[in-house]
Amino acid sequence: MQPLHIFLLIIAYFLVLITISYFTGKDDSNEVFFKAKRSSPWYLVAFGMIGASLSGVTFISVPGMVDGQQFAYMQGVFGFFFGYLIIAFVLLPLYYKLNITSIYQYLEHRFGKTSYKTGAFFFLLSRVTGASFRLFLVALAMQYIVFEEIGVPFEVTVIISILLIWIYTFRGGIKTIVWTDTLQTLAMLVSVGLSIYLINEKLDWSFVEFLNSDDFKVKGQIFFFDDANATTYFWKYFIGGIFIAIAMTGLDQDMMQKNLTCKNNKEAQKNMITMASLLVVVNFFFLSLGALLFIYSEKIGLEIPIIDGKTRTDLLFPEIAMNQNLGLGVAITFIIGLIAAAYSSADSALTSLTTSFSVDFLGIEKRPEEEQKPLRKKVHIGVSILLILVVILFNNLEGNVVSNLFKFATFTYGPLLGLFAFGILTKHKIKDKYAWIIALLSIIVSFVITSLPESFIGAYKFHWEILPLNGLITFIGLYLIRRKKECRKI
């Protein structure tokens, strides 16, 4: 597939998204941009959130994880499912009861302004970094398969990517996102399904024959109970997965903003439970694709791509899809799936960051009405520029992108987990002005613990359990700064 054809395919895809934004963005009020007037059908939100949850990271990097971890990632996915149930029955009722635009407004109701700003700040830090990681991965893949060949610098690839997102989100905001995410999720899942089918056909297998093959059995182990020190150990993945889901979905303005566009709490709960169930199945198919890619590469003697001396399992999928003569069908479905996966998370991140900064830090809802829309649009542009700069900064990132993404998130989402847990599970008030200190200290202490040399912790390897550990440290810190007089009254 020629670079020009890929470029035209990208343009055609974005013309469809821009058309959707034209119809959904006719009313560009802040009520529509931030909440979609609470009118989104729950089933539409549920389907679209699958794509936002998976993102370009899952599309490219999760299949690449099969090389070192087999299907261990599914242990975390099972944890995600139970985490989503907690979101549905604990957090969503709370958010709807308070009728809030930003979920961090709960912290102001519960503790005060410092806690509120602290929670919002850590969301901004987490989401800017997370969205940038995702965009970096996809921009890298696009650079590898098309833009490098036609002489476009990586920085220009990044700028074009974010500019296209800005074009179709700057008016309709979250209302547009709900509809574009639905289209992008469909495109991503069709892409994965067709890729599995076409590669199996090349190997003269049906999907059932592939699952029953000896090659798959070698790569398809899900449960790991034998070594508690290993990062693949079941309870690390499973328990960590529960807290990852709660923190990175339930305490994340990006993901919750979509839920809060549903008409009421009951419909939002239907959305969350449906999404949780579908994600288990979808992630299994992504890992199956990963196993298939490695089996195919071994059979044809294909080496894993190397860039700047670094082995990149992230790029095995694009290498096979684009350069191994599997036919135009695989190439086209890969490109469409890659674009859909990337922008189904990046566009909502841009919208949620605009919402959080506007509401949580600029108090946009309390300003005169004539100032609100112009201010929101300026913030939208500013956030776009920030993402461009951070993605370019990540160009020297080392290691598997999924691992780095979740490793960073376990630190930055930890204070959010501790703050919300303390607010929901206790009746204590706190000395609010010290909340930011506790949050910062919890990250520092967690980082020190996870950086201890082997002489202290032996062969133990930390994984997603860093997140609940960080949350627990924050929880203990908040207990230490509780208002004791009020505790005696309770």
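Met74 sits in helix H4 (73-98); helices here are DSSP runs of H or I with at least four residues, numbered from the N terminus. Everything below comes from a predicted model, in which local features need pLDDT of at least 70, side-chain atom pairs count only at pLDDT 80 or more, and totals for chains, interfaces and linings use all residues. Residues are numbered from 1 along each chain as its sequence is written, and side-chain values use heavy atoms, with hydrogens and water left out.

Let us stay with Met74 for a moment. Its relative accessible area is 3%, so Met74 is buried (buried means under 20% relative accessible area, exposed over 50%, and partly exposed in between, with a 1.4 Å probe and protein chains only). Leaving aside neighbours within four places in sequence, Met74 is in contact with Ile222, Val280, Asn283, Phe284 and Leu287, where contact means heavy atoms within 4.5 Å. Trp205 lies 131 residues from Met74 along the chain, and the two C-alpha atoms are separated by 24 Å.

Tyr95 is in contact with Ile100, Ile103, Gly250, Leu251, Met256, Leu260 and Phe420, once its neighbours within four places in sequence are left aside.

Phe286 belongs to helix H13 and is buried, at 1% relative accessibility. Between Phe286 and Ile443 there are 32 Å in space, C-alpha to C-alpha, and the two are 157 residues apart in sequence. Ala435 is placed in helix H19 (residues 435-450) and is buried as well, with a relative accessible area of 1%. Leaving aside neighbours within four places in sequence, Ala435 is in contact with Thr114, Ser115, Thr118, Ile430 and Ile481.

Here are the C-alpha separations side by side.

| Pair | Separation along the chain | C-alpha distance |
|---|---|---|
| Met74 and Trp205 | 131 residues | 24 Å |
| Phe286 and Ile443 | 157 residues | 32 Å |
| Ala435 and Asp67 | 368 residues | 42 Å |

Now for a pocket, meaning an open set of points on a 1 Å grid over the protein atoms alone, with protein on both sides within 12 Å along at least five of seven lines; lining residues have an atom within 4 Å of a point. The second largest pocket has a volume of about 310 Å³, a volume being the space filled by probe spheres set on the points, which are joined across faces, edges and corners. Its lining has 16 residues, and the closest to the centre are Phe243, Ile246, Leu417, Ala421 and Leu425. Helix H18 (414-425) gives the most to this lining, with six residues. H4, helix H11 (234-250), H18 and H21 each supply at least two residues.

How far apart are the end C-alpha atoms of helix H21 (residues 466-480)? They are 21 Å apart, which agrees with the 21 Å that its 15 residues should span at 1.5 Å a residue; the expected span is 1.5 Å times one less than the number of residues. Buried residues in H21 include Ile466, Leu467, Pro468 and Asn470.

Arg482 is buried, with a relative accessible area of 16%, and its side chain reaches the backbone oxygen of Tyr479 at 2.8 Å.

Gln70, in the loop between helix H3 (42-69) and H4, has a phi near 55°, a positive value in a residue other than glycine. Asp204 is not a glycine either, yet has a positive phi of about 60°. Asp204 is found in the loop between helix H8 (174-202) and helix H9 (207-211), and counts as exposed at 67% relative accessibility.

How values were computed: Polar contact = N/O pair within 3.5 Å; in protein donor to acceptor, adjacent residues only side chain to side chain. 1 Å grid on protein atoms, 1.4 Å probe; cavity = no way out; pocket = protein on both sides within 12 Å on 5 of 7 lines; lining within 4 Å.
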